[in-house]
Amino acid sequence: MDALVVYESMFGNTKQIAEAVAEGLATRMRAEVVEVGAAPAVVGPQVGLLVVGGPTHAFSMSRASTRRSAAEQATRPLVSRGAGVREWLAALRTSSAGLASAAFDTRVAKPRMPGSAARAVAKRLRRLGVKVTAPAQSFYVSGTEGPLVGGELDRARQWGESLAASFPVPAS
């Protein structure tokens, strides 16, 4: 079984988390990481686990207006420059009834900050008929552009390992 990790990232923090999650997944399965602008419109039967992540903007998934705002604030080029996870999920088709999924986000590390892109992603995946196999996971940045809070890459790798461990190892 293969895993596909699709991410949207403005300043590179979510990309780093996606890559770390894929490293963890790769301990038990093939894992491919794809920026949302290059993600397939159809997830075929070779993919058994779809992991989707993006930054939390205005308490949920980014939208065109929040991406424009991020671009205006940016001190370096954006990683994801086109449509985001919200638009990709709206157009996504899957060909496998057995597809499992998990969602993650990055968000500013502020106590009691409401909203989560990961929870919104998980909700959209469920509406598409995709089984969500793990609670939505948040990873933290120290400010709008980051950097990631210390230890978050290790935590993302461990989360990827735990996702992979929840699937049976194929017989060789």
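**Packing, charge pairs and a loop serine**

Mentor: Leaving out residues up to four places away in sequence, Leu25 touches Ala3, Val5, Ala31, Leu49, Val51, Gly160, Glu161, Leu163 and Ala164, where contact means heavy atoms within 4.5 Å. Before we go on, keep in mind that this is a predicted model, in which local features need pLDDT of at least 70 and side-chain atom pairs count only at pLDDT 80 or more, while totals for chains, interfaces and linings use all residues. Residues are numbered from 1 along each chain as its sequence is written, and side-chain values use heavy atoms, with hydrogens and water left out.

Trainee: Which residues have the most contacts inside the largest nonpolar core?

Mentor: They are Leu25, Leu49, Val51, Phe104, Trp159 and Leu163, in a core of 24 residues. A nonpolar core here is a set of buried Ala, Val, Leu, Ile, Met, Phe, Trp, Tyr and Cys residues joined through side-chain atoms within 4.5 Å, and buried means under 20% relative accessible area, with exposed over 50% and partly exposed in between, for a 1.4 Å probe and protein chains only.

Trainee: And which elements give two or more residues to this core?

Mentor: Those are β1, α1, β4 (47-55), β6 (100-108), β8 (137-141) and α5, and the largest share, 6 residues, comes from α1. The element names follow DSSP runs numbered from the N terminus, helices being H or I of at least four residues and strands E of at least two. There is also a second, separate core of 23 residues, which includes Val43, Leu99, Ala103 and Leu125.

Trainee: Switching to α2, which of its residues are buried?

Mentor: In helix α2, residues 64-73, the buried ones are Thr66, Arg67 and Ala70. Viewed down the helix axis they fall within an arc of 100 degrees, so they line one face of α2; the arc is taken from the directions from the helix axis to the C-beta atoms. The face turned away from that buried side carries the exposed residues Arg68 and Glu72, and what covers the buried residues includes α3 (85-91).

Trainee: What about the salt bridge between Arg67 and Glu87, how long is it?

Mentor: The Arg67 and Glu87 side chains meet at 2.9 Å, N to O, and this pair joins helix α2 to helix α3 across 20 residues. Arg67 has a relative accessibility of 10% and therefore counts as buried, whereas Glu87, at 30%, counts as partly exposed. Through shared partners, salt bridges join Glu8, Arg67 and Glu87 into one network.

Trainee: How many salt bridges does the rule give?

Mentor: The count comes to 7. Another of them is between Arg157 and Glu23, at 2.6 Å, N to O. Arg157 lies in helix α5 (residues 152-165) and Glu23 in helix α1, so this pair ties together parts that are 134 residues apart in sequence.

Trainee: Now Ser116: where does it lie, and is it buried or exposed?

Mentor: Ser116 lies in the loop between β6 and α4 (117-127), and because its relative accessibility is 5%, Ser116 counts as buried. Not counting residues up to four places away in sequence, Ser116 touches Thr56, Phe59, Ser60, Asp105, Arg107 and Ser138.

Trainee: What polar contacts does its side chain make?

Mentor: With the side chain of Asp105 there is a polar contact of 2.7 Å, and a polar atom of the Ser116 side chain lies 3.2 Å from the backbone nitrogen of Ala118. A polar contact is a pair of N or O atoms within 3.5 Å; within protein, one must be able to donate a hydrogen and the other to accept it, and residues adjacent in sequence count only if both atoms are side-chain atoms.

Trainee: Last topic, backbone: which residues does a cis peptide bond join?

Mentor: Gly146 and Pro147, with omega about 10 degrees, and Pro147 lies in the loop between β8 and α5.

Conventions: A salt bridge is a side-chain nitrogen of Lys or Arg within 4 Å of a carboxyl oxygen of Asp or Glu.
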